[in-house]
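Please have the sequence and the model open while reading.

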There are 2 protein chains.
Amino acid sequence: MNVIRFQENPLITPQQVKPYHNDHEVIGVFNAGVAEYNGEVLLLLRVAERPLTTDKEVIKAPYIDLSSGTGKLQMAELDLKDPRYDFSDPRSITYAKSGRAAYLTSLSYIRIARSKDGRHFTIDDEPLIYPENEREVWGIEDPRVTQIDDTYYIQYSAVSPEGIGVGLISTKNFSSMKRHGLMLHPENKDVAIFPEKINGKYYCLHRPVPKGIGRPEIWIAESDNLLYWGNHQYLLGLSEDGWDNGRIGGGAVPIRTEKGWLEIYHAADKNNRYCLGAVLLDLQNPAQILAKTKEPILTPESDYETSGFFGNVVFTCGAVVEEQEITVYYGASDTSMAAATMNLEDIFSQLTYR
Amino acid sequence: MNVIRFQENPLITPQQVKPYHNDHEVIGVFNAGVAEYNGEVLLLLRVAERPLTTDKEVIKAPYIDLSSGTGKLQMAELDLKDPRYDFSDPRSITYAKSGRAAYLTSLSYIRIARSKDGRHFTIDDEPLIYPENEREVWGIEDPRVTQIDDTYYIQYSAVSPEGIGVGLISTKNFSSMKRHGLMLHPENKDVAIFPEKINGKYYCLHRPVPKGIGRPEIWIAESDNLLYWGNHQYLLGLSEDGWDNGRIGGGAVPIRTEKGWLEIYHAADKNNRYCLGAVLLDLQNPAQILAKTKEPILTPESDYETSGFFGNVVFTCGAVVEEQEITVYYGASDTSMAAATMNLEDIFSQLTYR
């Protein structure tokens, strides 16, 4: 499998992004949705900002306060010695007794990076999508962008103390945005809407995270209007061993090829090493798997992929296709953005048919 | 609060139900959906059957095997000393290492009990709804029945190793049944579809069980066609203390009253004591809570409610309303069916308005 990483990698790092909030640092700019618009490649960056703190004994946890009607960033200040909390996970603070999430350590929102050549990006100063309702008070994460005709549908993780659901926003111009509500209830992530109707129905891949029975695996659902989803079908599960035995979820928006719908997805093993794989779905019935790669097509190898805020992660939310070449944009180590090109035939040659 | 339990309680016990499977015992006949049809009250009973075993060292775990095309009941035979499994929960067998569910100890399906007076029931010998696809191989549980015009929509827990989703079946006559697929993805339970459109939309209550962030609480969703659901909104959460601090979920199909939609729901505390409460929702916008009972309206008190397969449980999936009187049918201790009448005004008098 011939993967050519961009020489410019990492394409965007936290150091290049000016914090939107005063007294904050950008700790991650990653897992971007990808759109082609007006001759440019747009990356809808997940920007994670963390409050700066001067007191080593105190951690500040950000959230959006809606009590005044409009959202306002607030900080909970927690004493690191407070026995009520468990501070061991760098991403979240949990109640020590129940294990329940109490706060996240950073707030994510979406900002646009623009590029004419897909390699050199200019980053907007203002957020494109910022938390504004009860379902988003802990942030907005990991967007995918599906273009259907002249409308772009943005599917994102809407995070709040009540759970991680999937929000839907549409736009025609990446300036005026329309929120439609949650398309999927908690706990769900990693949604990728197919870019066209198939036999009269919209489809999406999604990744529920059940608590009691079941594991984080890929499902597929149908819709008439992109907001209401049903006829959920189990699609692709974990292996018992190997690179994909921990969790698995949709990645890039599915790509129509002559052989089938090509989905580049992510999977992690039990050690939280995230790789990318490819699966081929039937063109007429995408709930039917035709083939998949046994081995990953992209693994964390470069230093920006192996170390960072959460190392050993490559995670894609979108790709650009030109002729036979796919440029996969991906988050590296929950820290930076990177990209790599792959040849379509090369991916096909890795597929094992069922 | 004046609750009159039926003198005939428990109305149906496992001893009264002949096992459908050879060499099985009925261990539970409970959590029945309720329908009024052809002048009769129908209880769509959840019947749980457990394989009989002669060997005290061995446990038999039932599941539906679809490998031959049609479903066939099969048994895994597990040595109780096998260290790979944890047998401590009477309801399920888990992998000792991962805590993941390996088997359930019983198989549930749906059988009808019929009554002219709502008190004395005759039970069909054959199942009404029996597992028949991959999403149901571990059983069918806790149905609710919503009548819309002349069609009855049955919402039920579809249980498989891949998770607990919500299946949808429609029927006009409780004989010819149509499966529509999963209306909600795992993990979700306790769905109750409203019996009419509200401002042009169908609504349902549902109860996701998120793994990472969030708790088992009541949400509400909209639909155009009863199979595809979206615009999920958080509705009613747990309290920090008291009878409803463990889990909470929809119960009976919501009842239209002049004051609002009356929902009789269940909640459990952290000790798994399940009670019933009532919440009143806005007639025009059921995502809006008007009032709720602070204290439960029904608690486990009678012996059939306090002891059984899983004691201290009252759990409703349906009610019948006649004038000002509600007859709530409920499962008792995951073992038997019971019923109690309550006066509508009495419930209203317990409501605290927000």
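The second largest cavity has a volume of about 30 Å³, where a cavity is, on a 1 Å grid over the protein atoms alone, a set of points where a 1.4 Å probe fits but cannot get out, and its lining residues have an atom within 4 Å of a point. A volume here is the space filled by probe spheres set on the points, which are joined across faces, edges and corners. This is a predicted model, in which local features need pLDDT of at least 70 and side-chain atom pairs count only at pLDDT 80 or more, while totals for chains, interfaces and linings use all residues. Residues are numbered from 1 along each chain as its sequence is written, chains are lettered from A in the order in which they are written, and side-chain values use heavy atoms, with hydrogens and water left out.

A search of the whole structure finds two cavities of 30 Å³ or more, and they are set side by side below.

| Cavity | Volume | Lining residues |
|---|---|---|
| Largest | about 40 Å³ | D142(B), R144(B), Q155(B), Y156(B), S157(B), V166(B), K189(B), D190(B), V191(B) |

Turning to the interface, the contact (heavy atoms within 4.5 Å) takes 44 residues from chain A and 44 residues from chain B. Together the chains bury about 3400 Å², 61% of it on carbon and sulfur atoms, buried area being the accessible area (1.4 Å probe) that two parts lose on being put together, summed over both. Of the area that chain A buries against chain B, H185(A), I213(A) and Y228(A) supply 25%, more than any other three residues.

Between chain A and chain B there are zero salt bridges, a salt bridge being a side-chain nitrogen of Lys or Arg within 4 Å of a carboxyl oxygen of Asp or Glu.

Definitions and conventions:
1 Å grid on protein atoms, 1.4 Å probe; cavity = no way out; pocket = protein on both sides within 12 Å on 5 of 7 lines; lining within 4 Å.
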